[in-house]
Amino acid sequence: MLHLQLIPRSPTRGGTRFALCAVVALLATLTAHPQTSHATDKAGARATQAADLPVMAWRGAGADNVVWWSQFDGTNWSPQQTLTDHRTEAAPALTRGSNGRLLMAWRGAADNHIWWSQYNGFSWSGQQVLNDRRTDGSPALGTGADGTPVMAWRGTGPDNLIWWSYFDGTNWSPQQALTDRRTEAAPALSRGADGQLLMAWRGASDNHILWSRYNGYNWSAPQELYDRRTDGAPALGF
């Protein structure tokens, strides 16, 4: 709090009036332009920067089915850290939502349920299981221009349909089957130059690569790339 002591500059009424006017002007300036806490501003900047850093996540080797992660500061990767409550038998997936938070999804280690978690720039939230969706492989995550994260995955066993769901910032929408596309590997997702979400996958009846795009409302019909084949899963990036 600012304390001011009024000291007349002269014993005359005019001198006191000038000093009083100066104090009033100073108080008006401080009221119109309050001082900002630099500590709060810097903490906010650090949170934003931390949330914007690229993150890598991976499963350990051999019997180590814990998910590990690290951040890239533009030059170096940070020391690896374990997420001891995140365990998987396949590769985890990552994407960033419109709220700036990073989403991770993975197949559970003890079952084939899909699990997920969020990173706010400081820590990962507790894992949550999506009991209504299962996969034998890895789920895919991607975010379109509207900032809505989307998850896609292959079903389990003979169910080789591609399923998908979107995240509203709090919950995942009910899963939906894309009955016009089937795969024997994990699909891939990425935003395209036009902002629409792209999906690519290996065909179920052959090893051709197929693709489709999502405009925020509907998926386009699959298109086959006859000149490219794979025995695994394609990758997408932008």
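Me: Is tryptophan 172 buried or exposed here?
Reply: In this predicted model, tryptophan 172 counts as buried, at 11% relative accessibility, because the limit for that class is under 20%.

Me: Which ring does tryptophan 172 pair with edge-to-face?
Reply: Its edge-to-face partner is tryptophan 116, with 6.3 Å centre to centre and 85 degrees between the planes. Tryptophan 116 is buried as well, with a relative accessible area of 4%.

Me: And where do tryptophan 116 and tryptophan 172 lie?
Reply: Tryptophan 116 belongs to strand E6 (residues 113-119), while tryptophan 172 sits in the loop between strand E10 (161-166) and strand E11 (176-182), so the pair ties together parts that are 56 residues apart in sequence.

Me: What about phenylalanine 167 and tryptophan 172, how are they arranged?
Reply: Phenylalanine 167 forms a tilted aromatic pair with tryptophan 172, at 5.0 Å centre to centre and 45 degrees between the planes, and phenylalanine 167 is itself buried, with a relative accessible area of 4%.

Me: Switching topic, what is the strand order in the open sheet of 3 strands?
Reply: The order is E1-E2-E3, with antiparallel pairing. Strand E1 (55-59) and strand E3 (81-87) are at the edges and have a single partner strand each, so one side of each is left without a neighbour in the sheet. From one strand to the next, the twist averages 30 degrees.

Me: How many bridges join E1 and E2?
Reply: E1 pairs with strand E2 (residues 66-71) over 5 bridges, in the antiparallel sense, and arginine 59 has valine 67 in E2 as its bridge partner.

Technical notes:
Residues numbered from 1 in each chain as written. Predicted model: local features only at pLDDT ≥ 70, side-chain atom pairs only at ≥ 80, totals over all residues. Heavy atoms only, no water. Pairing = 2+ DSSP bridges. Helix = DSSP H or I, 4+ residues; strand = E, 2+ residues; numbered from the N terminus. Axes fitted to C-alpha atoms, helices over the stretch in contact; angles between N-to-C directions. Phe/Tyr/Trp six-rings, centres within 6.5 Å; stacked < 30°, edge-to-face > 60°. Buried < 20%, exposed > 50% of the residue type's maximum accessible area, 1.4 Å probe, protein only.
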